[in-house]
Amino acid sequence: MANPTRFSGEAGSAHDTVYRALRTRIMHGEMDPGQALTLRGIGKEYGVSMTPAREAVRRLAAEGALTMSSSGRVTAPDLSNDRIEELAAIRALLEPELAARALPRAHLALIDRLRAINARVSEFVAKQDAVGYLRTNLEFHRTLYLRAQAPAMLAMLETVWLQLGPTMRALYARRNRSDLQKHHRMILTALSAGDEPALRLAVRTDVTQGLKMLVS
């Protein structure tokens with residue numbers, strides 16, 4: 001339960017805080033695909049009135065992170081395999097480019113940090129913690145892509161991650177796969193070698209093969 005005192009203040013800041021909190025939960029798969037929400041329930045959870053709850057939901061609906069019917073029913077996305085493959089194709093275009101742009105600034109400190117994050121990814125995989133896996137997996141990718149200094153491209157990518165969150169968590173939880181980090185190791189090897197073609201290939205493989213394993 002959120003602490004209502006965190007959301008005091010003007011309606012604008014309240015709706016932004018609710019938006020960011022819900023956005024993080026959706027992206028990290030902390031909601032089930034198709035999970036129903038209500039504006040009243042959101043307002044109660046975050047200690048805000050209906051207006052900021054509604055504005056937060058509208059923003060998320062515009063990003064494809066929630067759907068809101070004309071009757072006011074709010075649900076988390078439940079993606080078909082075709083939709084997952086479409087979003088994977090977008091990731092396969094954006095993420096290798098972001099990684100390549102980050103490569104000139106991928107110094108030893110960054111690589112060491114990525115290795116540490118990947119170790120935590122492995123821990124969550126061992127625990128079969130799907131939400132922890134999703135959260136640290138995205139942290140791994142975002143940490144690298146921030147070095148690309150391409151904020152518009154990263155913002156587009158985060159919208160894709162957002163739409164995938166609940167479905168990815170559900171797929172991963174069903175599969176309990178333990179072989180998803182090998183692509184991260186390929187990425188780290190390419191970064192250490194300063195090898196852009198290998199890095200692009202490793203990132204593209206991580207995006208496409210990882211999703212294929214989950215969907216198949």
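Figure 1. Glu95 and Arg91 both belong to helix 4 (residues 81-102), where they are 4 residues apart, about one turn of the helix. This view, like those that follow, is taken from a predicted model. The side chains of the two residues meet in a salt bridge, with 2.4 Å from N to O. Glu95 is buried, its relative accessible area being 0%. Arg91 is likewise classed as buried, with a relative accessible area of 6%. In general, an α-helix has 3.6 residues a turn, so residues three or four places apart point the same way.

**Figure 2. The salt bridge between Arg169 and Asp32.** The closest N and O atoms of Arg169 and Asp32 are 2.1 Å apart. Arg169 lies in helix 7, whereas Asp32 lies in the loop between helix 1 (11-27) and strand 1, so the pair ties together parts that are 137 residues apart in sequence. With a relative accessible area of 15%, Arg169 is buried. Asp32 is partly exposed, at a relative accessible area of 40%. The structure counts 15 salt bridges.

**Figure 3. The salt bridge between Arg142 and Glu158 and its network.** The side chains of Arg142 and Glu158 meet at 2.7 Å, N to O. This pair links distant parts of the chain, with Arg142 in helix 6 and Glu158 in helix 7, 16 residues apart. Arg142 is partly exposed, with a relative accessible area of 22%, whereas Glu158 is buried, with a relative accessible area of 15%. Through salt bridges that share partners, Arg23, Glu63, Arg142 and Glu158 are joined into one network.

**Figure 4. The aromatic pair of the structure, Tyr145 and Trp161.** The structure holds 1 aromatic pair. The rings of Tyr145 and Trp161 are stacked, with 6.4 Å from centre to centre and 25° between the planes. Tyr145 is in helix 6 and Trp161 in helix 7, 16 residues apart, and the pair thus links distant parts of the chain. Tyr145 counts as buried, at 1% relative accessibility. Trp161 also counts as buried, at 2% relative accessibility.

**Figure 5. Helix 3 and its buried face.** Helix 3 (residues 50-62) consists of 13 residues and reaches 18 Å from its first C-alpha to its last, close to the 18 Å expected at 1.5 Å a residue. Its buried residues are Pro52, Ala53, Ala56, Val57 and Leu60. Viewed down the helix axis, the buried residues fall within an arc of 135°, so they line one face of helix 3. Just after the helix, Gly64 adopts a positive phi of about 80°.

**Figure 6. Arg59 over the ring of Tyr19.** Arg59 lies over the face of Tyr19, at 3.6 Å from the ring centre.

Figure 7. Buried in helix 5 are Leu110, Ile111, Leu114, Ile117, Asn118, Val121, Phe124 and Val125. Seen down the axis, these buried residues fall within an arc of 125°, so they line one face of the helix. Leu108, Ala109 and Ala126, on the other side of helix 5, are exposed. Just after helix 5, Gln128 takes a positive phi of about 55°, although Gln128 is not a glycine.

**Figure 8. Gln149 between helix 6 and helix 7.** Gln149 sits in the loop between helix 6 and helix 7 (151-175). Gln149 has a positive phi of about 55°, although it is not a glycine. At 59% relative accessibility, Gln149 counts as exposed.

Figure 9. Strand 2 pairs with strand 3 (residues 74-75) in the antiparallel sense, over 2 bridges. Met68 stands opposite Val74 in strand 3. In general, strands of a sheet pair through backbone hydrogen bonds, either parallel or antiparallel.

Methods. Residues are numbered from 1 along each chain as its sequence is written. This is a predicted model: local features need pLDDT of at least 70, side-chain atom pairs count only at pLDDT 80 or more; totals for chains, interfaces and linings use all residues. Side-chain values use heavy atoms; hydrogens and water are left out. The expected span of a helix is 1.5 Å times one less than its number of residues. Buried means under 20% relative accessible area, exposed over 50%, partly exposed in between (1.4 Å probe, protein chains only). The arc is that of the directions from the helix axis to the C-beta atoms. Two strands pair if DSSP finds at least two bridges between them. Rings of Phe, Tyr and Trp (its six-membered ring) pair if their centres lie within 6.5 Å; planes under 30 degrees apart count as stacked, over 60 as edge-to-face and the rest as tilted. A charge sits over a ring if NZ of Lys or CZ of Arg is within 6 Å of the ring centre and within 35 degrees of the ring normal. A salt bridge is a side-chain nitrogen of Lys or Arg within 4 Å of a carboxyl oxygen of Asp or Glu.
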